[in-house]
Amino acid sequence: MVVVRGGPGTRGAGERHPGPGTDRLGWLACAAAVAGFLLCLLGGLAGGGAVSVPWASSLDLRLSFALDGLAVLYGLLATGVGALVFAYGTRYLTLHLEHQRRSAVERWRFWPWMALFAAAMVGLATAQDLVLVFVFFDLTAVCSYFLIGFDRSERAARTAALMALLVTVVAAVAMLVAAVLLYSVHGTFSIPELLARADSSATTTSAAVLLAVAALAKSAQVPLHFWLPRAMAAPTPVSAYLHSAAMVAAGVLVIGRVHPLLARSEPVLTGLVVVGAVSVVVGGVLALRQDVLKQLLAYSTISQYGYLVMLYGMGGAEGNGAAAFYVLAHAVAKSALFMTAGTVTMTTGEDRLSRLGGLGRRAPVLAVAAGVAAATLAALPLTIGFFKDELLYAAALRHGPVTAVVAVVAATLTFAYIGRFWLGLFLGPPRGQVGPASGLLVAPVVILAAVAVLGGLVVEPFARLASDAAGVSTGGPVTIAPGYHFDLRPENVMAVAAWVLGGLLLALPRVVDPVVRAVAAAGERWGPRRAYEATLHALDRVSAAVHDREVKDLRTSIAAVLVPAGLVVGLAFAATPTTGAYAVGVVAGADWLILPLLVLVVIATLVVARVRSRLTVALALAVVGFALAAVYALVGAPDVALVAVVVETMLTLVFVAALARMPDEGPVRDAVVRVRPRRRRRDGPAGVVAGLAVFASVWGFLSQPAPDSVSAEHVRLTPAAHGGDVVTVIVADFRGLDTLVEITVLLVAVVGVATLMRRGRLW
Amino acid sequence: MSADGVDAPPDSVVRVVARLLPGPGLMVAAALIVKGYAEVGDGFAAGVVVALAIALIYVAFGAEGAESALPALRHAPKLAVGGLLLALASGFFPLALGEPPVTHRPGPGEHVTKIGALELFTPLLLDLGVFMLVVGVLTTLVHQLARPLGEGKR
């Protein structure tokens with residue numbers, strides 16, 4: 001990356017914008033993905049491997065990665081699909097930026113995030129530490145925020161990015177809670193150790209539920225699915241990658257990773273089956289009538305990941321094996337379909353089924369490749385998709401009659417909506433203008449289609465990949481053996497039933513339409529998106545109300561700090577025992593000097609409060625400062641006294657200089673300010689609350705100097721630090737890190753002053 | 001600017017004192033730093049003392065006069081940044097050696113070379129950095145207040 005970053009800079013100024021045809025950055029990302037793919041492949045063939053190095057040892061955190069079956073499967077998906085999508089993206093992004101008349105330099109706002117996303121996915125797949133999993137999990141969410149919001153001038157893209165971020169990140173907090181919960185019981189974050197140690201206790205169950213919530217939000221499962229259709233505001237390569245093989249896959253990846261933990265409790269598994277089944281039906285039904293291509297695919301994704309969650313809920317060797325195989329088949333098909341949608345939109349300028357049709361004759365290669373991808377999703381024979389449904393049916397039958405029915409319904413819906421997608425696009429009367437399609441916008445789809453057909457002919461390698469992955473989820477060896485069987489076994493009957501029913505749905509839109517419309521209306525009315533928006537608006541309102549109250553004028557700003565602080569301190573005092581906390585000492589020796597100084601402070605403070613002239617206020621404040629400096633000197637803190645004197649002098653000078661810049665008149669007494677009297681009445685109570693709290697805390701502090709405070713230790717260690725003056729040694733050595741931060745703030749403050757006074761010019 | 005005495009020329013005593021004060025001010029500052037680790041004082045107080053002398057020059061001669069008499073003042077922002085970097089370096093160099101930050105050299109119990117009261121060890125660099133930072137920051141601040149936006153736009 002660094003090398004390439006140097007590239008544009010070294011070129012002449014006239015060539016600063018690289019030509020539209022050369023997306024070197026994109027190709028670099030693509031090359032990196034290919035390299036990652038080969039590494040995963042070779043690593044997988046070599047039997048994997050593991051590294052584990054300490055990270056934050058005081059927190060028991062380790063950077064532990066392992067290339068096990070699950071990691072190989074998801075790593076290959078993330079890098080393989082990633083490489084194809086990146087190659088596609090080099091062309092797509094160039095056209096996209098051209099259409100929107102944006103500079104090609106904006107690629108820098110795209111490819112680094114894509115590459116980081118791919119890296120985070122591989123990291124997530126290989127991570128063996130729950131906190132590490134959480135970090136990568138959130139890293140993907142952050143990347144997705146910037147990728148979905150790539151068209152930042154569009155409001156829809158910005159809202160969608162924020163929604164995706166909030167839903168997945170807030171839910172991900174549940175994962176962190178689960179990690180801490182498990183750590184508190186078992187004393188480790190390491191996933192293999194946790195899986196070995198976890199029992200079927202209530203803690204395990206709660207942790208399992210929390211993990212599942214985080215994973216389900218990420219995989220866009222009902223009721224946290226609403227962010228995914230919105231996220232289609234992203235450029236197509238983002239959807240093709242994040243919303244088919246990566247981001248949404250991260251959720252089920254986590255489920256697969258911690259599955260033995262979830263399997264400790266039957267209700268959790270049942271919950272997964274229910275959520276999955278509901279997502280299958282809701283996503284599938286809503287996908288039936290979507291008009292916008294990518295929206296249809298988004299609802300399809302919700303439905304397809306519903307299958308997966310359902311399969312993991314069924315669990316066991318069958319369920320986990322089928323799930324692992326399903327991820328593979330679905331990612332291949334869905335990213336191909338997303339890229340098809342992108343290519344169609346790019347060449348025709350249309351993104352709605354109702355305005356497109358008959359593209360088959362004009363783009364035959366794309367039609368065939370997309371047809372294979374659609375057939376894969378619809379589980380037709382000779383594609384890898386057939387086996388995914390075969391395994392699904394087998395697992396569903398094993399689990400029970402209800403899941404078997406759901407499986408057939410799911411396959412029926414899939415057949416219907418994906419059939420409508422393909423037929424609507426490529427058959428029928430020609431609609432829409434077709435521009436020239438670049439080979440790069442078609443080739444990745446063709447490659448994925450070839451993979452799908454290859455999997456349909458020679459399924460063993462894919463099955464082995466899925467078996468290894470399922471072995472990790474099950475905690476023991478799993479063998480899945482999909483194949484063609486030409487007999488009347490239940491799986492085949494179910495498959496044929498699904499095709500027939502799906503064909504019927506496709507042929508009878510009049511029956512389907514009202515149902516879909518009713519479901520969509522109900523979702524719009526009572527759906528979770530409403531709750532999300534209402535929550536966001538309510539938070540916004542609360543924040544705005546507090547802010548308005550605070551910034552009304554100077555008095556409210558001060559009260560907003562002092563009153564809550566006073567109340568909190570008051571609560572703390574009310575909650576702690578008070579015996580001996582407030583002692584009245586004797587006045588002796590130097591105290592007789594301190595008392596008059598304190599009286600002077602009180603008088604000066606009263607002057608500050610009463611006087612109108614600004615200069616007098618500044619000088620009275622200076623009196624307060626100098627008197628307190630004298631008090632410090634008397635109580636034996638010469639260091640503090642010295643600093644107080646010099647700083648007070650400087651402060652007074654600065655005050656006077658600033659006041660000289662202000663207009664002569666006193667505070668303006670116009671109609672708005674006249675409203676004060678009512679607010680003034682609040683000043684008294686606010687001052688009393690704040691003052692009492694400070695008084696009580698100082699009194700309490702002075703009454704009982706802590707016996708074993710850290711200061712005694714500081715005094716003892718000062719000679720060892722080659723010092724004679726404790727304060728200096730504390731500042732420069734014992735708490736040196738604090739000092740470094742504080743002096744940095746000093747420079748930041750000056751930059752702030754310069755920004756306010758002279759538009760950021762320091763001199 | 002209003003004519004109520006703010007811009008009237010300060011009397012000659014102030015001018016003379018302002019002219020004479022920087023020398024002793026620097027001496028006091030140096031003493032504060034040298035003796036800092038053994039007695040009262042440190043780089044911060046030393047910095048404010050010097051900045052006070054500079055501020056007095058501003059008061060006596062006005063911003064224009066002060067900055068034409070002492071052109072070196074324009075380096076104040078660089079001094080501040082340099083001081084901060086020096087202080088940060090003195091705190092974080094141990095990271096490069098695999099030690100926690102703010103691990104000072106020589107360590108506890110080791111021999112420290114002394115020149116009078118001046119101890120030659122890494123906290124001295126921190127003190128010097130803080131001194132430079134404070135002088136730079138406060139001088140910049142006085143400059144900002146003395147010549148706000150209207151005059152800065154030239």
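Student: What pattern does chain B follow along the sequence?
Tutor: Chain B reads α-α-α-α-β-β-α-α, with six helices and two strands in total. Bear in mind that this is a predicted model.

Student: OK, and how much of chain B is buried?
Tutor: Buried residues account for 41% of its 154 residues. Looking at contacts in chain B between residues at least 6 apart in sequence, 70% join residues at least 24 apart.

Student: How many residues of chain B are in contact with chain A?
Tutor: 49 residues of chain B, and they meet 42 residues of chain A. On the chain B side, α3 (43–69), α4 (76–96), α5 (122–146) and α6 (149–152) each supply at least two residues.

Student: Which of them gives the most?
Tutor: α5(B), with 13 residues.

Student: And what's that side made of, by class?
Tutor: The side of chain B that touches chain A has 34 nonpolar, 10 polar and five charged residues.

Student: Switching to chain A. How do α2(A) and α4(A) sit relative to each other?
Tutor: The axes of α2 (24–45) and α4 (111–126) of chain A come within 9 Å and cross at roughly 10 degrees. That angle is under 35 degrees, so α2(A) and α4(A) count as roughly parallel.

Student: Which residues meet there?
Tutor: From α2(A) you have Leu25(A), Gly26(A), Ala29(A), Ala32(A), Ala33(A) and Gly36(A). They meet Trp111(A), Met114(A), Ala115(A), Ala118(A) and Val122(A) in α4(A). By class, the contact of α2(A) with α4(A) has nine nonpolar, two polar and no charged residues.

Student: Now the strands. In what sense do β1(A) and β2(A) pair?
Tutor: Antiparallel, over six bridges, with β1 at 50–56 and β2 at 61–66 of chain A. Ala50(A) stands opposite Ala66(A) in β2(A). The hairpin has four residues between the strands, and Asp60(A) takes a positive phi near 65 degrees there.

Student: Why does Arg101(A) count as exposed?
Tutor: Because Arg101(A) has 6 C-beta neighbours inside 10 Å, and the cut-off for exposed is 12 or fewer. Leu382(A) has 15 C-beta neighbours inside 10 Å, so Leu382(A) counts as partly exposed.

Student: And α18(A) itself, is it mostly covered or mostly open?
Tutor: Mostly covered: 14 of its 16 residues are buried. At 1.5 Å a residue, α18(A) (384–399) should span 22 Å, and its end C-alpha atoms are 23 Å apart, so the two agree. Just after α18(A), Gly400(A) takes a positive phi of about 155 degrees.

Note on methods
Residues are numbered from 1 along each chain as its sequence is written. Chains are lettered from A and ligands numbered from 1 in the order in which they are written. This is a predicted model: local features need pLDDT of at least 70, side-chain atom pairs count only at pLDDT 80 or more; totals for chains, interfaces and linings use all residues. Two residues are in contact if their C-beta atoms, placed from the backbone, lie within 7 Å. Ala, Val, Leu, Ile, Met, Phe, Trp, Tyr, Cys and Pro count as nonpolar, Asp, Glu, Lys and Arg as charged, and the others, Gly among them, as polar. The expected span of a helix is 1.5 Å times one less than its number of residues. A residue is buried if 20 or more other C-beta atoms lie within 10 Å of its own, exposed if 12 or fewer, and partly exposed in between; C-beta atoms are placed from the backbone. Two strands pair if DSSP finds at least two bridges between them. Axes are lines fitted to C-alpha atoms, for helices over the stretch in contact, and angles run from 0 to 180 degrees between N-to-C directions. Angles under 35 degrees count as roughly parallel, over 145 as roughly antiparallel, 65 to 115 as roughly perpendicular and the rest as oblique.
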